[in-house]
Amino acid sequence: MRLSILSFAACAACMTHAWQPTATVQSSAFVQARGGVADNAAAPSSSTALRMGIGSGARRIRDSIFSKERSREDLKIGIAGFYDRSSKLWEEVWGEHMHHGYYIPEDRTDHVQAQIDLIDEVLKWSGVEDATSVVDVGCGIGGSSRHIASKFNCKAQGITLSPYQANRGNELAKEQGLAGQTSFQVADALDMPFEDNSFDLVWSLESGEHMPDKTQFINELFRVAAPGGRIIIVTWCHRDLEADETELTKKEKRLLAKINRAYYLPRWCSVKDYVDILEEKGMQDIRREDWSYIIAPFWKAVIKSSLNFKSVFGLVKSGFSTQRGAYAMFLMLRGFNKGLIKFGLITCTKPKA
């Protein structure tokens with residue numbers, strides 16, 4: 001995964017390619033998300049399959065209209081399938097870095113370099129000057145991992161729910177001469193396949209949004225971090241609550257619920273919620289910052305890339321899911337402009353003792 005900007009932007013890319021077949025990829029994602037075991041039951045009859053398909057489609061439309069919250073299992077399957085389908089398109093349009101860019105000055109148009117600069121500026125802000133072993137949690141196709149491995153001449157491992165992303169990450173590592181330093185695999189960020197105290201840099205760039213259990217997410221980041229290791233979380237959050245508030249307004253919650261349905265997101269949290277969890281874990285040197293204004297121009301660039309005849313024609317033919325995702329881009333912008341949606345940076349270190 002490289003989770004939120006690809007969710008946000010791949011729908012724009014999908015407008016151009018929406019008529020391409022996706023059934024094989026969806027099946028692969030389903031099997032992987034279920035633990036890699038296919039169902040050997042006999043295939044249903046054509047009439048039964050048709051009724052099942054119509055019923056399933058009707059339920060999805062109904063759930064979308066009412067912005068029904070997805071279960072953890074549905075999120076896992078949906079995330080894998082979404083990124084299996086869309087990552088190739090994103091790479092063709094925007095390259096290997098599946099995240100926002102660093103827009104200082106705000107009128108810069110070198111978008112690929114802006115994405116690379118975001119990695120370097122986040123590292124600088126976090127005080128990271130070197131690393132020996134890195135884990136990229138929600139790695140996309142591995143752009144950040146390979147950049148950090150090259151920058152620090154270190155080892156990096158990435159995990160994603162998407163089989164396509166893991167395979168493509170390893171392909172690019174080989175092409176770029178980094179196969180000996182970087183590797184990518186399918187794994188769940190809430191149950192990582194690594195030993196305790198394994199990494200001196202734990203990196204999560206735009207993946208926390210997809211985590212249905214934020215406490216377990218932090219627990220896993222903490223577990224795999226080496227004593228004295230640095231944890232960096234860059235993620236979309238909702239605004240912090242005011243002192244006299246106990247929850248977001250109903251209007252704000254409705255807007256986020258609509259976005260969640262389009263982009264396979266669970267309930268949102270605030271940057272303060274993350275900080276509270278980190279403090280409870282006893283983390284040290286906890287810092288936070290809001291970079292919403294720094295990445296804002298990238299959204300406009302993504303939307304602009306989709307506004308041409310071919311993209312609009314593809315959108316008309318794309319079907320309900322992609323049309324819903326394209327519409328949700330504007331919901332994201334609305335939330336951002338209203339101060340509801342924030343691009344938060346959080347960093348801390350794991351105690352040495």
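Modeller: Ile 286 has its place in strand S6, strands being DSSP runs of E with at least two residues and helices runs of H or I with at least four, numbered from the N terminus. This is a predicted model, in which local features need pLDDT of at least 70, side-chain atom pairs count only at pLDDT 80 or more, and totals for chains, interfaces and linings use all residues. Residues are numbered from 1 along each chain as its sequence is written, and side-chain values use heavy atoms, with hydrogens and water left out.

Biologist: Is Ile 286 buried or exposed, or does it count as partly exposed?

Modeller: Buried means under 20% relative accessible area, exposed over 50%, and partly exposed in between, with a 1.4 Å probe and protein chains only. Ile 286 counts as partly exposed because its relative accessibility is 25%.

Biologist: Which residues does Ile 286 touch, not counting those up to four places away in sequence?

Modeller: A contact means heavy atoms within 4.5 Å. By that criterion Ile 286 touches Val 275, Leu 278, Glu 279, Thr 347 and Cys 348, with residues up to four places away in sequence left aside. Thr 347 lies 61 residues from Ile 286 in sequence, yet their C-alpha atoms are 5.7 Å apart in space.

Biologist: How many bridges join S6 to S7, and how many join S5 to S7?

Modeller: Two strands pair if DSSP finds at least two bridges between them. Strand S6 (residues 284-290) is joined to S7 by 5 bridges and runs antiparallel to it, with Asp 290 standing opposite Gly 344 in S7. Strand S5 (residues 225-238) and S7 also run antiparallel, joined by 9 bridges, and Ile 233 has Ile 346 of S7 as its bridge partner.

Biologist: Why can S7 be called largely enclosed by the rest of the structure?

Modeller: Strand S7 (residues 341-349) is described in that way because 8 of its 9 residues are buried. For the protein, buried residues make up 53% of the 353 residues.
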